[in-house]
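Okay, thanks everyone, let's get going. Have a look at the model on the screen, and I'll walk you through it.

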Amino acid sequence: ARRGSARRRPAAFASRRGSLVVSEYWFPTRVSTTGDFYPYAGYLEIYNNSDTTVYLDGMLVGHAAVASQETMISTCAEYEPWSLDTLGIWAQFVYQFPGAGGEYPVSPGQTVVLATDAIDHRTVGPEAEDLSNASFEFETGPDNPFVPNLTNVGTRIHPWGNGVVYYASPGVPFIAARVDPVTLPVFLMPHYTFPHMRVPAAAVLDVAGGTGDVLEYAGDAIRAL
């Protein structure tokens with residue numbers, strides 16, 4: 001799920017009653033019968049793990065990632081001010097749900113599917129899925145006029161051009177409460193071409209993996225959830 005083609009279904013923890021959780025993410029990297037590289041048949045699933053209706057309007061979903069691997073030009077210690085930032089999580093790819101406040105309810109126990117592209121991917125390969133009935137799709141790429149779009153409010157447009165694809169770089173999906181993205185701090189980290197924005201820890205509802213998993217590419221603010 002983070003890398004490769006494994007499906008991942010993080011646990012929905014009962015202790016997080018009252019919040020939305022990332023219940024599954026599936027971003028395969030090869031689904032073509034010819035073996036062609038095709039990373040657009042993935043989706044992110046959000047589950048209402050509470051006993052009340054939650055409205056998605058204005059909430060944020062994204063891909064938290066700060067370098068935490070040694071390279072020839074950088075060290076883990078170099079990124080500690082951001083990877084260990086307890087005030088929030090840093091991300092380039094951040095998307096916002098549409099709606100003014102009461103348009104997109106999620107009932108208790110209900111799931112919503114966020115597709116990279118809300119189309120029938122079975123035309124590419126039999127192991128792919130029909131996501132044409134997804135709840136939402138990430139803007140850019142083929143547009144399904146019957147599925148609402150998540151708006152890109154981050155600092156970067158995905159280089160592959162089809163919305164969010166979690167395989168593209170190390171990171172973990174997250175969902176956060178409604179925050180005005182214009183107010184979020186932005187910083188260009190060393191060796192990066194595009195800046196990151198910080199989503200406040202107080203707004204973060206969940207990240208994929210939950211409390212029982214080591215989140216390799218997220219800071220203490222995520223691990224503490």
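**Rings, strands and cores**

So, Phe-97, Tyr-104 and Phe-136 are joined into a cluster by ring pairs. By a pair I mean Phe, Tyr or Trp rings (for Trp, the six-membered one) with centres within 6.5 Å; planes under 30 degrees apart are stacked, over 60 edge-to-face, and the rest tilted. On that rule we get five aromatic pairs.

Before I go on, a bit of housekeeping. This is a predicted model, so to speak of a local feature we need pLDDT of at least 70, side-chain atom pairs count only at pLDDT 80 or more, and totals for chains, interfaces and linings use all residues. Numbering runs from 1 along each chain as its sequence is written, and side-chain values use heavy atoms, with hydrogens and water left out.

Now the overall picture. The protein chain has two helices and 13 strands; those are DSSP runs numbered from the N terminus, H or I of at least four residues for helices and E of at least two for strands. Of its 225 residues, 49% are buried, that is, under 20% relative accessible area, with exposed being over 50% and partly exposed in between, using a 1.4 Å probe and protein chains only. Take the contacts (heavy atoms within 4.5 Å) with a separation of 6 or more: 70% of them are between residues 24 or more positions apart.

Let's start with β1, residues 20–26. How many of its residues are buried? Seven of seven, so to say, mostly covered. β1 runs antiparallel to β2, residues 43–48, over six bridges; pairing here takes at least two DSSP bridges between the strands. Across that pairing, Tyr-25 stands opposite Leu-44 of β2.

Leu-44 comes up again in the largest nonpolar core, which has 21 residues. A core here is a set of buried Ala, Val, Leu, Ile, Met, Phe, Trp, Tyr and Cys residues joined through side-chain atoms within 4.5 Å. Those with the most contacts inside this one are Leu-44, Ile-46, Leu-56, Val-61, Phe-97, Leu-114 and Leu-150. Two or more residues each come from β1, β2, β5 (88–96), β7 (111–115) and β8 (136–138). Which element gives the most? That's β1, with three residues. There's also a second, separate core of 16 residues, and Val-94, Phe-174, Val-199 and Ala-203 are in it.

Over to Phe-174, then, in strand β10, residues 172–176. Phe-174 counts as buried because its relative accessibility is 0%. Ile-89 is 85 residues away in sequence, yet the C-alpha to C-alpha distance is 9.4 Å. Beyond four places in sequence, the contacts of Phe-174 include Ile-89, Val-199 and Asp-206.

The Asp-206 side chain reaches the backbone nitrogen of Val-22 at 2.7 Å.

Last stop is His-191, in the loop between β11 (186–187) and β12 (196–200). Phi there is near 75°, a positive value in a residue other than glycine. His-191 counts as partly exposed because its relative accessibility is 47%.

That's my tour, thanks.

How values were computed
A polar contact is a pair of N or O atoms within 3.5 Å; within protein, one must be able to donate a hydrogen and the other to accept it, and residues adjacent in sequence count only if both atoms are side-chain atoms.
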